[in-house]
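Q: Please take me through this structure feature by feature. For each one, give the rule before the case.

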Amino acid sequence: MEYERFFSEAIEQLHAERRYRVFADLERVAGEFPRAIWRSEGKATEITVWCSNDYLGMGQHPEVIAAMQAAAANMGAGAGGTRNISGTNRPLVELEAELADLHGKEAALVFTSGFVSNEASISTIARLLPNALVLSDELNHASMIEGVRRSGAEKKIFKHNDLAHLESLLAAAGRERAKLIVFESVYSMDGDIAPIKEIADLADKYNAMTYIDEVHAVGMYGARGGGITEREGLAHRIDVIEGTLAKGFGVIGGYITGSAAVVDAIRSYAPGFIFTTALPPAIASAATASIRHLKRSNTEREAHQRQAQRTKNVLAAAGLPVMPSQTHIVPLLVGDPELCKRASDWLLKKHRVYIQPINYPTVPRGTERLRITPTPFHSDALIDALRDALLETWDALGIPFGEAEQPAAARSERIIPLVVSKSGG
């Protein structure tokens, strides 16, 4: 058996489909974000990062760095064990209390990543419910899909944000059967928002449990950074709110919040939580500092939304194919995987602008795109420079200009301004 051949052929297939991923070797520089050092072929080049998930730049915030440094100096580098075996450090307990308060829930549970929090929580909830039916939005993240799969429960996929389809599936299941609706608030590839209130209404009508992924919204929306559910005053209507510490909060880790009973059940039954080492005290302390800062400060959120909207306006006015988005996500349609990769490489090598190409299977074939994520630190001058770089790249590579065709799930939408709450969230 030539084992190596199977792996080589698998990689060759990715190359043939133009979806082999290449990682850029980047060195972030605290205090200089979104500037970074790109290392390639023995050279170090200063670039501007336009695709970071550190949406608010909190990864370089002085309070966050100071909290991490102090905790590491006082308590060491690692957690020392699983949560059950010496790993439940004091900063981690404080972090969970801070998260429960953020979402107005009885309890919270922290995981090593957002992927693990979704996979472990969804699979455990659906497995513990008798004869559960999981209803999952067709554009849910891979971590949610994996959680549904691992649960072993029956699943039904409803069309993206399609309330009529969801209701038909709920009605067919009946009120008496255990049902779990899993969906996201902000869908990160298209930047659209789920009809959360209407989904909660359907859950009440058909006696279903709700689970929402707020990873691309926590920190950025709501009066205290509690996400879209906070901004819309709907957090109390969702059974489980899941989030990440790695995007708006600028650190790493995932979490869920909910009732004490639900959280305790996941804590007690989820292998992805039980059998992994806890987050280190330094990470937990940094995350808590970030959350506390964003609970009291709207400055970052207001600047973030202002620069995101300006980016959309400037690129659209230049004739670039900006796809419809209701949020801070700015997708730019390319529509071809090879062109998308070439555009990314051209921007990096010629203009020192880094935007990772997004190809299948992350997005459907024919909707390949550059996914731009402005931050408060992307100045007006940087936005104008991005426009000029993109225009030159589109011309040089022959990429079509004009208004982007809207994805099938979002054809009724249009490019609209970001919604800012009265409190600035």
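Predicted model: local features only at pLDDT ≥ 70, side-chain atom pairs only at ≥ 80, totals over all residues.

Q: What pLDDT does the chain average?
A: pLDDT is the predictor's confidence in each residue, from 0 to 100. The chain average is 93, and 94% of the residues score at least 70. Residues 406–425 have pLDDT below 50, yet this stretch has 51 contacts in the model (heavy atoms within 4.5 Å) beyond near neighbours in sequence.

Q: Is leucine 180 buried or exposed?
A: Buried means under 20% relative accessible area, exposed over 50%, and partly exposed in between, with a 1.4 Å probe and protein chains only. Leucine 180 counts as buried because its relative accessibility is 0%.

Q: Which residues is leucine 180 in contact with, leaving aside neighbours within four places in sequence?
A: They are Ile122, Ile125, Leu133, Val134, Leu135, Met209, Thr210 and Tyr211.

Q: How many disulfides are there?
A: A disulfide is a covalent bond between the sulfur atoms of two cysteines. The rule applied here asks for a pair of cysteine sulfur atoms within 2.5 Å, and by this rule the count is zero. Cysteine 51 is in no disulfide, and its nearest cysteine sulfur, that of cysteine 340, is 11 Å away. Cysteine 51 is buried at 15% relative accessible area, and cysteine 340 is buried at 0% relative accessibility.

Q: How many salt bridges does the structure hold?
A: Side chains of opposite charge can pair when their charged atoms come close. A salt bridge is a side-chain nitrogen of Lys or Arg within 4 Å of a carboxyl oxygen of Asp or Glu. The structure holds 28 of them. In one, arginine 83 meets glutamate 96 at 2.9 Å, N to O. Arginine 83 is in helix 3 (residues 83–87) and glutamate 96 in helix 4 (residues 90–103), so the pair ties together parts that are 13 residues apart in sequence. Arginine 83 is buried at 15% relative accessibility, as is glutamate 96 at 11%.

Q: Which parts of the chain does the pair of arginine 310 and aspartate 380 tie together?
A: In this salt bridge the closest N and O atoms are 3.6 Å apart. Arginine 310 lies in helix 13 (residues 299–317) and aspartate 380 in helix 15 (residues 380–397), so the parts joined are 70 residues apart in sequence. Arginine 310 is partly exposed at 25% relative accessibility, and aspartate 380 is partly exposed at 37% relative accessible area.

Q: Which residues are linked in a network of salt bridges?
A: The network links Glu98, Asp101, Arg224, Arg292 and Lys295.

Q: Which residues make the nonpolar surface patch of about 540 Å²?
A: Patches are made of residues with over 30% relative accessible area and no salt bridge; like charges are joined within 9 Å, and nonpolar side chains (Val, Leu, Ile, Met, Phe, Trp, Tyr) within 5 Å. Accessible areas come from the Shrake-Rupley method with a 1.4 Å probe, and for residues only the protein chains shown count as cover. Met1, Tyr3, Phe6 and Phe7 make this patch. Methionine 1 lies in the segment before helix 1 (3–16) and counts as exposed at 73% relative accessibility.

Key. Residues numbered from 1 in each chain as written. Heavy atoms only, no water. Helix = DSSP H or I, 4+ residues; strand = E, 2+ residues; numbered from the N terminus.
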